[in-house]
Amino acid sequence: MEKRVALLADGNTSDLYASFCAVKLARRMEARLLSILLMPDRHAISGNSCSERWQSCSPSEFLSLISSLGNFEGVQLSYNLIDERDEDSLVEFLVESKITCLIMGTVNQDDFDKKQKWLSALVKRICQNRRWYMGEDLTVFLAKPWSEKDFKKVLKQISSDCCLYPIEMVFG
């Protein structure tokens, strides 16, 4: 059975580092990556009138980023928009997609605690769904913000992996 990783993006700056983690994990697992954008309005893909969270990066810019990362790493991707207020649709989508694990980013400790609680409840609903195919809980990752040391490490890895783009380390 094909492995599937779900990246839940909610428009916060944490989506950036969560997407790097998700692509790397999907590559390591030889899994398909399902990018799920949790939208305040399913039709607001342009980003012009999205929520406050989608101000630093529009949904279309995020999709472009994740597409580039996935292509670079050789990861199969799909893109999905789900209304953030419709948890039932999210649960159904995740069950139907037969995901292996979830990844979501956090911006700080308060956000981490809030998302940990929300994801715990979400996983419980998924596992209680009569059509859930796995007999055990999902693996869930919460990506915390990068420290400066971690950010330099990511840049160094991109620089060494990436011969197609003119990237050069200027500190390190």
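1. Basis. The model is predicted, so local features need pLDDT of at least 70 and side-chain atom pairs count only at pLDDT 80 or more, while totals for chains, interfaces and linings use all residues. Residues are numbered from 1 along each chain as its sequence is written, and side-chain values use heavy atoms, with hydrogens and water left out.

2. Overall fold. The protein has five helices and five strands; helices (H or I, at least four residues) and strands (E, at least two) are DSSP runs, numbered from the N terminus. From the N terminus on, the order of elements is β-α-β-α-β-α-β-α-β-α. Of the 172 residues, 42% count as buried, where buried means under 20% relative accessible area, exposed over 50% and partly exposed in between (1.4 Å probe, protein chains only). Among contacts (heavy atoms within 4.5 Å) between residues at least 6 apart in sequence, 74% join residues at least 24 apart.

3. Helix H2. This helix covers residues 59-73, and its 15 residues should span 21 Å at 1.5 Å a residue; the end C-alpha atoms are 21 Å apart, which agrees. The expected span is 1.5 Å times one less than the number of residues. Pro 59, Phe 62, Leu 63, Ile 66, Leu 69, Gly 70 and Glu 73 are buried in H2. Seen down the axis of H2, these buried residues fall within an arc of 130 degrees, so they line one face of the helix. The arc is that of the directions from the helix axis to the C-beta atoms. After H2 comes Gly 74, with a positive phi near 75 degrees.

4. Helix H4. The 20 residues of H4 (residues 109-128) should span 28 Å at 1.5 Å a residue, and the end C-alpha atoms are 28 Å apart, in agreement. The buried residues of H4 are Asp 111, Phe 112, Lys 115, Leu 119, Leu 122, Val 123 and Ile 126. They cover an arc of only 100 degrees around the axis, which puts them on the same side of H4. An α-helix has 3.6 residues a turn, so residues three or four places apart point the same way. Exposed on the other side of H4 are Asp 110, Lys 114, Lys 117, Lys 124 and Gln 128. The cover over the buried residues of H4 includes strand S1 (4-9), helix H1 (14-29), helix H3 (87-97), strand S4 (101-105) and strand S5 (139-143).

5. Gln 109. This residue is in helix H4 and is partly exposed, with a relative accessible area of 44%. Gln 109 and Lys 144 lie 35 residues apart in sequence and 8.5 Å apart in space, C-alpha to C-alpha.

6. Helix H3. Leu 90, Val 91, Leu 94, Val 95 and Ser 97 are the buried residues of H3. They pack against S1, S2, strand S3 (77-83), S4 and H4. Lys 98 follows H3 and has a positive phi, near 55 degrees.

7. Ser 35. Strand S2 (residues 32-39) contains Ser 35, which is buried, with a relative accessible area of 0%. Not counting residues up to four places away in sequence, Ser 35 touches Leu 7, Ile 66, Leu 77, Ser 78, Tyr 79 and Asn 80.
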